[in-house]
Amino acid sequence: MVDELMTRQADHRWEAGGQPRAVRVIRVVPESTRVKTLILDARVEAQPGQFVMAWLPGYEEKPFSLAEADPVALTVARVGPFSSALHALQPGDRLWIRGPLGHGFTIEGQRILLVGGGYGVAPLAFLARQAIARGIQVTALTAARRAEDVLYVDRFRALGASVVIATEDGSAGERGRAPEVAARVLRSGSYDALYGCGPEGMLEGLRALATEFGIPAQLSYEAYMRCGIGLCGSCEREGVVLCLEGPVLRFG
Ligand SMILES: Cc1cc2nc3c(=O)[nH]c(=O)nc-3n(C[C@H](O)[C@H](O)[C@H](O)COP(=O)(O)OP(=O)(O)OC[C@H]3O[C@@H](n4cnc5c(N)ncnc54)[C@H](O)[C@@H]3O)c2cc1C
Ligand code: FES
C-alpha cells in the first residue's frame, strides 16, 4: 500500500516535471565576456524565479532560472563543462528542457527592491517586468565584482526600473558588496519588500537586512539539483527540498 502510494506520488511528480522536450536556439545575446542569454523557440506558463532543467547529450541535466518565459530565455554564465557547451550553441542548434519547476517569487508591496549578484539578475528582470506591469515601483540593484561583469543595466532601464549598480572594486556605480549597497538604498527610501538572487553569502546579508528594516525577503537559493522534482534528495538544505519548496524562500 505504502509502495503503491509512493509510486503514485513519484508518477505525479514526473508528470509535474514533464519529459524533456527538444527546443531550438533562436537567438544568442552576449551579456558580458562570461555570460550569454539563449533565446529559445519555446514558451512556458511560469512565475519568475521558477527554473528549467536543461540538457545536452553527453552531459548531466542542470537547472537554469527562467530569464523570460515567452519566449523562454536562459542567461548562462560560463563556469564549467555544461555551461561552456551551452555557450557553444548557435541559432538553430537544439537543447532539451524540462519544466517550469520549483516555487518562484510572489509579487507583494507597492515599492520593492530587487538585488541580483552576477547572473542572479536573470529571474529578477522577469519579476521586474511583471511587477511594473502592475504599477509597482521597482528599484533594481545589479551587483558584480567589476564593471565588465555588471549585467542587465539596459534591460532593467528599458522595463522602467530605477537602476543601481554596485561593484566590489568601485569600477562602476557604487563601491561595495551587494548587501552594503542595498542597505544604503533601503535607508534612502521606504520599501515594502526585498527580493534577491545570487551567491549564498549575498543572500544571507540580504536576509539580515530584511530583518533589520522589518520587511519581508524573498530569496532564490542554489543547490546541486539532479531530478528537480523532489525525488533524489540532492538539493535538500536544512530540511528544505529546494527544487520543490524553493528555489525561492520567503522570510519575514
Ligand atoms: C535553481 C538554480 C538556478 C540556476 N540558474 C542559473 C542561471 O540562470 N544561470 C547560470 O549560469 N547558472 C544557473 N545555475 C547554475 C547551473 O545550474 C550550473 O551549476 C552551472 O551552469 C555550472 O555548471 P557547469 O557544468 O558548467 O560547471 P561545474 O562543473 O558545475 O562547475 C565548474 C566549476 O565552476 C564552479 N562553479 C559552479 N557554479 C559556479 C558559479 N555559479 N559561479 C562561480 N563558479 C561556479 C564549480 O565549483 C566548479 O569548480 C542555477 C542553479 C540552480 C540550482
Ligand atoms: S533535485 Fe532531486 S530532490 Fe531536489
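The chat below goes through domains, sheets, the ligand shell and some single residues.

Q: What kind of model is this, predicted or experimental?
A: It is a predicted model.

Q: OK. Which domains does the chain have?
A: The domain assignment gives domain 1 (16-101) and domain 2 (111-220). Their C-alpha centres lie 23 Å apart.

Q: How many residues does each domain put into the contact?
A: Domain 1 gives 13 residues and domain 2 gives twelve residues.

Q: And which elements give two or more residues on the domain 1 side?
A: S5 and strand S6 (72-77) do. By class, that side of domain 1 has six nonpolar, five polar and two charged residues.

Q: Now the sheets. What is the order in the antiparallel one?
A: It is an open sheet of seven strands, ordered S4-S3-S7-S1-S2-S6-S5.

Q: Which strands stand at the edges there?
A: Strand S4 (62-65) and strand S5 (68-69). Each has a single partner strand, so one side of each is left without a neighbour in the sheet.

Q: How many bridges join S1 and S7?
A: Four. Strand S1 (residues 21-30) and strand S7 (residues 94-101) run antiparallel. As an example, Arg24 has Arg94 in S7 as its bridge partner.

Q: Switching to the ligand. Which residues come nearest to ligand 1?
A: Lys62, Ser65, Gly80, Phe82 and Ser83, out of 19 residues around it.

Q: Which element gives the most to that shell?
A: S4, with four residues. S4, S6 and helix H2 (81-87) each supply at least two residues.

Q: What about the classes in the shell around ligand 1?
A: The shell divides into 13 nonpolar, four polar and two charged residues.

Q: Back to sheets. What does the mixed one look like?
A: It is also open, with seven strands in the order S11-S10-S9-S8-S12-S13-S16. Strand S11 (174-175) and strand S16 (248-251) stand at the edges. Each has a single partner strand, so one side of each has no neighbour in the sheet.

Q: How does S8 pair with S9?
A: S8 and strand S9 (residues 137-144) are parallel, over seven bridges. Within that pairing, the bridge partner of Ile112 in S9 is Val138.

Q: And how does S8 pair with S12?
A: Strand S8 (residues 111-117) pairs with S12 in the parallel sense, over five bridges. Leu113 has Leu194 as its bridge partner in S12.

Q: How many bridges join S12 to S13?
A: Four, and the two strands run parallel. Gly196 has Leu219 as its bridge partner in S13.

Q: Is S12 buried or exposed?
A: Buried. Five of the five residues of strand S12 (residues 193-197) are buried, so the strand is largely enclosed by the rest of the structure.

Q: Which way do its residues point?
A: Ala193, Tyr195 and Cys197 point one way from S12, and Leu194 and Gly196 the other way. In a regular strand the side chains alternate between the two faces of the sheet.

Q: Next, Ala178. Where is it?
A: Ala178 is in helix H5 (residues 178-188). It has 29 other C-beta atoms within 10 Å, so it counts as buried.

Q: What does Ala178 contact, leaving aside neighbours within four places in sequence?
A: Val115, Gly117, Leu141, Ala143, Ala166, Gly198 and Met202. Ala178 and Gly117 are 61 residues apart in sequence, yet 7.0 Å apart in space, C-alpha to C-alpha.

Q: Last topic. Where does UniProt put the "binding site" feature?
A: At Cys227, Cys232, Cys235 and Cys243, in an unreviewed entry. They are spread over 17 residues of sequence but cluster in space, with a largest C-alpha distance of 10.2 Å.

Q: Take Cys232. Where is it found?
A: Cys232 is in the loop between strand S13 (217-220) and strand S14 (236-237). It counts as partly exposed because it has 14 C-beta neighbours inside 10 Å. Leaving aside neighbours within four places in sequence, Cys232 contacts Arg226 and Cys227.

Q: And Cys243, buried or exposed?
A: Cys243 counts as buried, with 27 C-beta neighbours inside 10 Å. Cys243 is in helix H7 (residues 242-245). Beyond its neighbours within four places in sequence, its contacts include Leu101, Gly102 and Cys235.

Conventions. Residues numbered from 1 in each chain as written. Chains lettered and ligands numbered in written order. Predicted model: local features only at pLDDT ≥ 70, side-chain atom pairs only at ≥ 80, totals over all residues. Pairing = 2+ DSSP bridges. UniProt positions renumbered as here; feature names shortened; annotations may be inferred. Buried ≥ 20, exposed ≤ 12 C-beta atoms within 10 Å, placed from the backbone. Contact = placed C-beta atoms within 7 Å. Domains from an automatic or database assignment. Nonpolar A, V, L, I, M, F, W, Y, C, P; charged D, E, K, R; others polar. Near = placed C-beta within 6 Å.
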